[in-house]
Amino acid sequence: MVFPLMFILDTSRNVKASPETAEIFFQKLRNKCEFTILVTLKQAHLNSGVILSIHHLDHRYLELESSGHRNEIRLHYRSGSHRSHTEVFPYILADDKWHRLSLAISASHLILHVDCNKIYERVVEKPFMDLPLGTTFWLGQRNTAHGYFKGIMQDVQLLVCFLSSFSCPTCNDFHGLVQKIMELQDILAKTSAKLSQAEQRMNKLDQCYCERTCTMKGTTYREFESWTDGCKNCTCMNGTVQCEALICPLADCPLNSALAYVDGKCCKECQSVCVFEGRTYFEGQRETVYSSSGDCVLFECKDHKMQRIPRDSCPALNCPESQQIPLSHSCCKVCKGHDFCTEGHNCMEHSVCRNLEDRAVCSCRDGFRALREDNAYCEDIDECAEGRHYCRENTMCVNTPGSFMCVCKTGYIRIDDYSCTEHDECVTNQHNCDENALCFNTVGGHNCVCKPGYTGNGTICKAFCKDGCRNGGACIASNVCACPQGFTGPSCETDIDECSDGFVQCDSRANCINLPGWYHCECRDGYHDNGMFSPGGESCEDIDECGTGRHSCANDTVCFNLDGGYDCRCPHGKNCTGDCIHDGKIKHNGQIWVLENDRCSVCSCQNGYVMCRRMVCDCQNPTVDLFCCPECDPRLSSQCLHQSGELSYNSGDSWIQNCQQCRCLQGEVDCWPLPCPEVDCEFSVLPENECCPRCVTDPCQADTVRNDITKTCLDETNVIRFTGSSWIKHGTECTLCQCKKHGLMC
């Protein structure tokens, strides 16, 4: 995407792509991680402005800005973890000179060119370019109120591709690539072998026909197979048994036969009969007849005739004769209460055998009805479908084998087996409302509403703080902020000055320097850190200015090293001038000058010593430099509007916003990443709503693992060093080297 020549000199502008144009371009950029920004520009002195910005609400997906206040270029972007990142490149663009800038990103590889010179090359987090709808595209400003670029920009291009120049690979790079190729070939061979085996198995499976089966009473039936189960016709359908009541056919029996039940069959079949003394008997049926003398004669129906058969021998009975009962099918008697069911019966499933005085009969179980007159076969009664249940309001009837059950409707609780009442989840504490929400019972359910001072949908309520919580603070209750370490105040707006409040005791060779949210002990003038970087300044040691040549003694004086400084002494018998040497130039005794690279610092030469300090701000002086003393700027045009648009700051004021330290200078807001104390631990985590990481002991909770043993460094003697290890460089006494994740540092 190429933009035409642009002249940007003031702040009354609105250079923003239309939603339609922006969306067309975002479709090409969306989910891409290879793109290049090209721009030719000339930026005004001390201006801090945005070159290009693609953002949605408060999320900056891609923003490039140049700070003339701090002389650095910043790239803001979001990574796949949905975190905001800022890469800072120290470089002066705001010098009112023409520059050609190129920023190329390919996945996690970033290269910055200025005026065709490669300035920085870094490995960064992979940018996340899943741009949502409503994302805006700005040039020369962040929005209508902030980040105005002052100067001239032309030929602004954003190319969705990867433009970069790589140096030629080394032999080590080549051998590493060959090794990777060999590993990939090995993986490919193993994968091909596994794939071949899988294909062979698939070919065998293709020869098989798989179907679903049904199992009933221990017997397995195939799909669509039908069978008769008692008085039901059953079929296996898609692995499920489906049964219907059997309909018996109408039969026309021949002469001397009639319909009768047959053991093991549901429907009646034609059987031969006998007619004896006006009664009809079926084949095999017996009957007893008593003669005039009282003798018992036994007859059996055979071949359409009642034939006399020999009497059975009767067992002895253990009951008085008054308790003995004669049988119609036998000349023997049984005792009253005899168990006929144990002698065999034809009662099938869901039917039970019951004893009468002289025989056994079948009876359907409760909840079942007879499928034929002798109750040998029974089927379940669907009480729910036939309305034969007792379920009352707020319940649902569910049929069960031989019975039914009443199930409470959603939102109701059981009173007894047949009725339910409305369930007050709020009273019984069986609701899903947040602890900071109010529960309101409704018919069949409940509603959750966040309490005053909290926002959310009721099931999740978060505390609401009217003024917000600054500096990474978290709103934990209505208008109550929990401040991170180093900040205090109702809205966490006040930085705790650990130095002035006496919380910190630095070593005598170090000064306590307060920073937003923390502090550090900085070595005093005349001392430097020995490389151990102890937090209290114990690692500060004296600088031998005389031995290192870092003194300012003139040629006619002699340098003597002191603890924390040095002394320029005049040799005995000589009259010395007291002049100083600064930056290779002679400064006369008593001379005062302003540093060339720092317009806000003043130096003086006093008897051979160079002393420099920050310029003293006298706001009563009409010639005071407002850049060095922004607090002396009374102009309303020098005030800045807070990012939220609700507060205004005077020139020179500082504050913290979204884990960035911001400063107002002559009407411009400049923000840079908030400095955090270095966490000297193996595992660290960045808590939610906080800006700086903290140490943890559990690696599973860690966001960052400091020492990655899979990455190594080669020291000066080609010895492999693991990440995190430190050593004194061979052949030296004052050089400390460390192996870090991104390479060797000494």
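Hi everyone, let me start with helix 1: its buried residues pack against strand 2 (34–43), strand 3 (48–56), strand 10 (136–139) and strand 11 (151–159). Before I go on, please keep in mind that this is a predicted model.

So which residues of helix 1 are buried? Helix 1 covers residues 19–29, and the buried ones there are A22, E23, F25, F26 and L29. As a reminder, an α-helix has 3.6 residues a turn, so residues three or four places apart point the same way. Have a look at that spacing when you turn the helix on your screen. Then step just past the end of helix 1, where you will find N31 with a positive phi of about 65°.

Next, let's move to a hairpin. Strand 29, residues 395–400, pairs with strand 30, residues 403–408, and the two run antiparallel over 6 bridges. One of the pairs to look for is T400, whose bridge partner in strand 30 is S403. The hairpin has 2 residues between its strands, and G402 takes a positive phi near 85° there.

My last stop is the inside of the protein. How many cavities of 30 Å³ or more does a search of the whole structure find? The search turns up 1. The volume of the largest cavity is about 30 Å³. What lines the largest cavity? The lining is made up of L75, Y77, I105, L110, V124, E125 and P127. By class, that lining has 6 nonpolar residues, no polar ones and 1 charged.

Definitions and conventions
Residues are numbered from 1 along each chain as its sequence is written. This is a predicted model: local features need pLDDT of at least 70, side-chain atom pairs count only at pLDDT 80 or more; totals for chains, interfaces and linings use all residues. Side-chain values use heavy atoms; hydrogens and water are left out. On a 1 Å grid over the protein atoms alone, a cavity is a set of points where a 1.4 Å probe fits but cannot get out, and a pocket is an open set with protein on both sides within 12 Å along at least five of seven lines; lining residues have an atom within 4 Å of a point. Grid points are joined across faces, edges and corners, and a volume is the space filled by probe spheres set on the points. Ala, Val, Leu, Ile, Met, Phe, Trp, Tyr, Cys and Pro count as nonpolar, Asp, Glu, Lys and Arg as charged, and the others, Gly among them, as polar. Buried means under 20% relative accessible area, exposed over 50%, partly exposed in between (1.4 Å probe, protein chains only). Helices (H or I, at least four residues) and strands (E, at least two) are DSSP runs, numbered from the N terminus. Contact means heavy atoms within 4.5 Å. Two strands pair if DSSP finds at least two bridges between them.
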